[in-house]
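Subject: Structure for you to look at

Hello,

Here is the structure I said I would pass on. Please open it alongside this message; my notes come after it.

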Amino acid sequence: MKKWLSMLLLVSMTASLLAACGSSNTAEKGSNKEESAGTKKVVAWAWDPSFNGAALKIAEDLYKKEHPDFQLEIIDMAKTDLEQKLNTNLAAGVKDGLPDIILVNDPNIQKYVTAYPGTFADFKEKVDFTQFSPYKVDALRIDDKIYGVPFDIGVTGMFYRVDYLEEAGYKAEDLENITWDEYIEIGKVVKEKTGKYMATINPNDEALTSILLQSAGSWYITPDNKGNFVDNPAMTETLRVYKAIADSGIAKPVTGWSEFVGSFNTGDVATVVSGVWQIASIMDAQDQSGKWRVAPIPRLNVEGGVNASNEGGSSWFVLEGSANKDLAIDFLASTMGSSTEFYERFLTENGGVGSFIPAFSSEVYNQKPEFFGGQAIYSDFTRWSTEVPGISLGMYTQEAKDALKNELPNILNGADLTQSLANIQKHFEQQVQ
Amino acid sequence: MRKLSSLGIHLFLIIASVVSLFPFVWMLIGMTNTSSDIVKGKFSFGSMLQSNVTKLLDMTNLGAAFWNSTLIAIIGTIGTLVLSSMAGYGFEIYRSKGKDRLFGLLMLSMMMPFAAVMIPLFRMFSNMGMLNTPTAVILPSITTAFMIFFFMQNTKSFPRELLQAGRVDGLGEWRLFAQVYVPTMKPTYAAAAIITFMNYWNSFLWPLIALQTQDKKTLPLIVSSLASSYNPDYGIIMVAIVITTLPTVLIFFLLQKQFVQGMLGSVK
Amino acid sequence: MGSKWNKSSLMGWQFVLLPSALILLFSFYPMLQSLLLSFQSGKGTVYQYAGLANYSRLFSDPMFKQAVLNTLLYLVVQVPVMLMLGLVIAYFLNMPKLRFKGFYRTAIFLPCVTSLVSYAVLFKSIFAVDGILNRMLMSIRVIQEPIAWLMDPVWAKVVIIAAITWRWTGYNMIFYLSAMQNIDPSVYEAASIDGASKTRQFFSITVPMLKPIILFTAIISTNGTLQLFDEVVNITNGGPGNSTMTISQYIYNLSFVYTPNFGYAATVSYAIVVMVAVLAFLQLKVGGEKQ
């Protein structure tokens, strides 16, 4: 009998220990809920406290002027963590714990809306979408509904070191309106005259191929979600250019984000083709102030190829089933959906560029930072943003990128491109069955 | 000859130690530098420590996360040691066909990738109303086939005569376990405690899903969100990493004596 | 004796029941659910019954095949090297007269507590094209041109294997060290008096005495390697191409990176379970549970 007693003791001890820390927290949680019912608290998930998290704080600040009892709780997590948590919650059908507002990376929009039907709220009647860059709105429109408020954009530019290019004998106008082949030729001269690389290349990262494709209005998949590798001139040209850059020796190989940032912070490369949000990382190297400028990116030599593209960008969604749905929608619509003041502050405080066209003419967007030699970079970027071809990102972007990634080493080793593209197409179809 | 081989052993261990320690030195150096110096690979101490620490404390609620992690790791480790050693003892000392089969079945549980059971497990805790509590983080791994297996294998060398002697002295089964087995197995408990503490302390996937509010987050969740920003500040990240790493190192320091003293010595 | 054994074998259940029940509840119940899911196909929350379609898909899936081959390569090359290294180090550190062992022990254990973030940033910078390793190798003239470690399918695998070995050798060492305390030092003394060399002692005393623990670490490491995820995601993210991708990373991609297909992800997970179970069974047979 004694042993059963001691076992019981042991078990109950463990249980009570667990219960102790469990119950105190459930009690706390309960009170949290009451509070949220009383005072209008909206919960939002975002992934970068110094960027999109900061944007929410600005919006909260603005919204509170009209609605003093409004409360916003921001939960920060890594982008991949956020996506994983959202998928788990939605797939498990567990409603408590989901926020009212989430940030969605643009290539994921169609995927979420299709995989979890009825989960996200329609904004069509809530926001005047004619005020936003059309390509951002295109990404949000599915079956005559518009599933969120456009947020930051990744309109691309070619950041360049004016000192290196001058040393190689190039002036600003030599970099306007060029093709990628001309870019490579310039790169060879830069390499020869200055010893610096023109660019970086990372075969593990699809950023460059994505930029090239969108600049010609094309994408890895077609709007009806089929692979877009075979018989696609933009794709063929993209991969030809990619291989040409890799073969020309003008690109420094890098394998990750920190190495990439390191390549321009240490002054190893003459140009960085990237999204507007890269400004912050470039400006980190304070010793390079005044040495940087921005030009439009080179274009693909195909029909419809322009000197503008996009890399990344995200939008705000509201969950249809959230308790504070209407409040969350109103909060987003009256700040990021219509307030010039929001976008001015977002740029001033966090260097963020949105797609809200009325804000582009404001003074803040016309500032001329010393770091970029007094160039009105934001006004340039926003002008290019209106030229970015609108594309449908579809729901299988990641699958298609991985199919391409699988074949890329062969392409770089000189395999027949037509055959490689057929392989990629087949691989992709295999993957999305 | 003897000297020579001992020199060789030292040389081997020194190389192994240097290779092992290198990242730590780098981490400690990184803590004192700016993000762009770290990216450039600067390998000397800088003067940014204070500023990095201040920024980190500003950006995150580190105190709460530290407390959450500590609570989970300590309660989880105690629970795991008690339950797993019980089971390991039971399965090995009182072996029978039925128990062997049951153990074989339990082993299957550790072979399943966690990502595949996460969604049903999440639904289960939601139904129990336990999401967003430390309990939810602790319970799923409070007994693992892994730790039971570890105790079983170590119990194979446990001198069973001690149990017989205890029985002669009139000790009951539970007292035999608590008064004879547990003290004898100190080195095993110490190793198990280090490993379990580390597993709880560093666990990531499940806490990420089970914890929902900012105030309940654990340290690894904080580090992960710092590292994924558009313009990650590696100086701040290094400080967070050092703070995250220290407690496990401390536990190791505290417990390692237990398994170098020698079991036979500790019985007496 | 016989009756006493029966009685005590019945008694043993009281130690076993509660822990087993907890594992059944928190592991087997979700595992059954995911087994059911493996017979369904669809996206996100939109599913229909698909019979064995997911299982037959496994055999025609090039990504899965690639992931299995990569993972098995890690297993075959890395696990034996790591266990041997761990065992040898533990043996040295257990020598009664060795000096500075506290320092060595701590240093070699440390890698397994490192945060993955720092470890990934560091490994990437060491193996960068103009990283420390290339600079060192070039200065001692082992190579003429820098090697693009993480961009070459073969070298990338070597880096991953080095990284796992670096991180987990100390971990296995702990198991060996604690188990070595069960060996009576007088056994070694007797062997020394008989004139057995250290190497002889290692193979004829240490290894046989540690057999249960070596078996344990072999099974655990096999399991760990077949579920390998963190190192690969953080250091190479599966690249170049998909040449370092593991099965677990594939499961993760299917669930959270691609358009979510939890049914197929569950199927791939069961493929891992079957592989580990078969290997563990073989190891138990070979490792001699006979005693």
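This is a predicted model: local features need pLDDT of at least 70, side-chain atom pairs count only at pLDDT 80 or more; totals for chains, interfaces and linings use all residues.

Chain B and chain C

In this contact, chain B contributes 76 residues and chain C contributes 68 residues. On the chain B side, the most comes from helix 1 (residues 2-30), with eleven residues. Sorted by class, that side of chain B holds 56 nonpolar residues, 17 polar ones and three charged ones.

Chain B and chain A

Here the contact takes 39 residues from chain B and 43 residues from chain A. Several helices of chain B give two or more residues to the side that touches chain A, among them helix 2 (35-39), helix 4 (62-93), helix 10 (173-184) and helix 13 (219-227). Helix 6 of chain B gives the most, with five residues. The side of chain B that touches chain A is made up of 19 nonpolar, 17 polar and three charged residues.

Strand 10 of chain A

Strand 10 of chain A covers residues 292-295. It runs antiparallel to strand 6 (residues 149-161) of chain A, and four bridges join the two. In one of the pairings, A:R161 has A:W292 of strand 10 as its bridge partner.

Which residues of strand 10 point which way? A:W292 and A:V294 point one way, while A:R293 and A:A295 point the other way.

Regards

Methods
Residues are numbered from 1 along each chain as its sequence is written. Chains are lettered from A and ligands numbered from 1 in the order in which they are written. Two residues are in contact if their C-beta atoms, placed from the backbone, lie within 7 Å. Ala, Val, Leu, Ile, Met, Phe, Trp, Tyr, Cys and Pro count as nonpolar, Asp, Glu, Lys and Arg as charged, and the others, Gly among them, as polar. A residue is buried if 20 or more other C-beta atoms lie within 10 Å of its own, exposed if 12 or fewer, and partly exposed in between; C-beta atoms are placed from the backbone. Two strands pair if DSSP finds at least two bridges between them.
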